[in-house]
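We will go from stop to stop, with something to select at each one.

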Amino acid sequence: MQEQKVSPKVIWSIVATAILGFSGILTETSMNVTFPELIQQFHQPMGTVQWLTTAYLLVVALMMLTSAHFNAILSKRQTYMIGWLAFVIGDVIAMVAPSFWLLLFGRLIMAVGTGFALPLVFNIIFTSVPMSQLGKYMGFGTLIISLAPALGPVYGGVVAYTLGWRAIFMIILPVALISLLIGWFNLDTKVPKATNKFALGQFLLVGVSLTSALLALGQLESGKITVMIISLLVIAVVTMIAFIMVAKKAQHQLIDLTIFRSKALVMALLIYATSQAINLAVNFALPQYTQLTLGTTTMVAGFILMPGSLLGSAVAPIYGSMYDKNGANKPLAWGTIAFLAVMIVFSFMAPNIMTIGLTVVYALFTLARNLTFSVSMTAGVAEVKPQQSGDVNAVFNTMQQFIGAVGTTVAALFIQTTGTTKAAVAAQTATGFGHLIVFSTVIVAISLIWLVIFMKTKTAK
């Protein structure tokens, strides 16, 4: 049977939106290697500076929750333009920010833009690509986006080392302009006929819940369970329960909660979340370890991550094709087992690992982790009705960013230091990094449970 063709406009639309998403992730991952410098320049502790990543990911997550609504009432070009404008405005603010707090504000505006762009990539794929080629085009979109974490640490390291961290935001502007030119001429301008009302109350409840949970996690840096932590956790739980109760009775839902009736989808989401949390935690902690413990420059810290990240990006289309040919079981099983094996090796090496070892292990880490990550979302979408794909897209993308923020916060807690000398900071960072890798290995082992349940309950191929 002849394979149904995908139009060039659809392909270029995927490219345009993926480039904008790429730009957002590039600035996020490139900033991680600048944290030691920002700590000194703005006289802020690691626990505060890490919110440049954590708060960014939180806002991206919250904006992604709105994607199903905006996709239902706006054309793809309109949705894209909102994201593009927010990204550029935030980028300019961050570029000229004279203080840490204005820099953080600019990053949050950029996060709004990224939060519009990333779900749009996959919405175009889900609505415009035939099911028989879904894995391939998911891999194609993921390839472009995943180049960002591949290039981000190197980009951030080289630029910060040679031109200063502000140039990170300056150089990305032409990339955003290229994205605009491609998107303007190719993105669909047809406005959907839906008249969905935005579920503002539900959105605020989720926002309060997720924010409270992250703030509670961040408070753990004190090393004590305080009244503040307990209060924030209670607020997080109560507001999430309130959201579920309100959404069930609402005429217009922020997210179609019936998708969670599929146990296989929930398990695919847990596999997806596990791999993302560990990925962001390692990506955050590794540059800090290399600079504070091994004494490398920002540039070297970035280059350590590059080979693995490039390999992970290159195999994304291959992993997508594996899903199209074999279904979800084999890729998820192979990926999870390989991921666990790499993490076990990593946990033994982590406390004293040097630059060459880090480069090799991180490459293996990325290859294994990306197989589970890239296949799990496609597997989840296959478990629901086509008209629910937008809600699944929103949930997975929201989870990706929120759990990434959790991973970053956890990593910051593990590698926080109290030493007043370079030797003390180096030793504490190494110990924390080692503990983080062991903790992550245990989490990967637990994800084997999600895999078994998924394989037993899935209904799609």
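This is a predicted model: local features need pLDDT of at least 70, side-chain atom pairs count only at pLDDT 80 or more; totals for chains, interfaces and linings use all residues.

**Stop 1: the largest cavity**

Rolling a probe the size of a water molecule over the atoms shows where empty space is left. Across the whole structure, such a search turns up five cavities of 30 Å³ or more. The largest cavity holds about 490 Å³ of space. To centre your view on it, select Ser-146, Pro-149, Arg-369, Phe-373 and Gln-400, which lie nearest its centre among the 33 lining residues.

Now colour the helices that give two or more residues to this lining: α1 (8-32), α7 (100-128), α8 (134-162), α12 (263-292), α13 (298-314), α14 (316-326), α16 (355-381) and α17 (389-415). Which of them gives the most to the lining? That is α16, with seven residues. If you colour the lining by class, you will see 15 nonpolar, 16 polar and two charged residues.

**Stop 2: the second largest cavity**

Next, select Gly-135, Met-138, Gly-139, Thr-142, Ala-316, Tyr-319, Gly-320, Tyr-323, Ser-374, Val-375 and Thr-378, the residues that line the second largest cavity. About 60 Å³ of space lies inside. At least two lining residues come from each of α8, α14 and α16. By class, this lining has five nonpolar and six polar residues, with no charged ones.

**Stop 3: along α13**

Moving along, stop at Met-306: a kink of about 35 degrees lies here, shortly before the proline Pro-307. From first C-alpha to last, the 17 residues of α13 reach 24 Å, close to the 24 Å expected at 1.5 Å a residue.

Then highlight the buried residues of α13: Thr-298, Ala-301, Gly-302, Ile-304, Leu-305, Gly-308, Ser-309, Gly-312 and Ser-313. While you look at their spacing, recall that an α-helix has 3.6 residues a turn, so residues three or four places apart point the same way.

**Stop 4: a loop residue**

Finally, go to the loop between α2 (35-42) and α3 (46-49) and select His-43. Most residues other than glycine have a negative phi. His-43 is not a glycine, yet its phi is positive, at about 55 degrees. Is His-43 buried or exposed? His-43 is exposed, with a relative accessible area of 68%.

Definitions and conventions
Residues are numbered from 1 along each chain as its sequence is written. Side-chain values use heavy atoms; hydrogens and water are left out. On a 1 Å grid over the protein atoms alone, a cavity is a set of points where a 1.4 Å probe fits but cannot get out, and a pocket is an open set with protein on both sides within 12 Å along at least five of seven lines; lining residues have an atom within 4 Å of a point. Grid points are joined across faces, edges and corners, and a volume is the space filled by probe spheres set on the points. Helices (H or I, at least four residues) and strands (E, at least two) are DSSP runs, numbered from the N terminus. Ala, Val, Leu, Ile, Met, Phe, Trp, Tyr, Cys and Pro count as nonpolar, Asp, Glu, Lys and Arg as charged, and the others, Gly among them, as polar. Buried means under 20% relative accessible area, exposed over 50%, partly exposed in between (1.4 Å probe, protein chains only). The expected span of a helix is 1.5 Å times one less than its number of residues. The bend at a residue is the angle between axes fitted to the seven residues ending there and the seven starting there.
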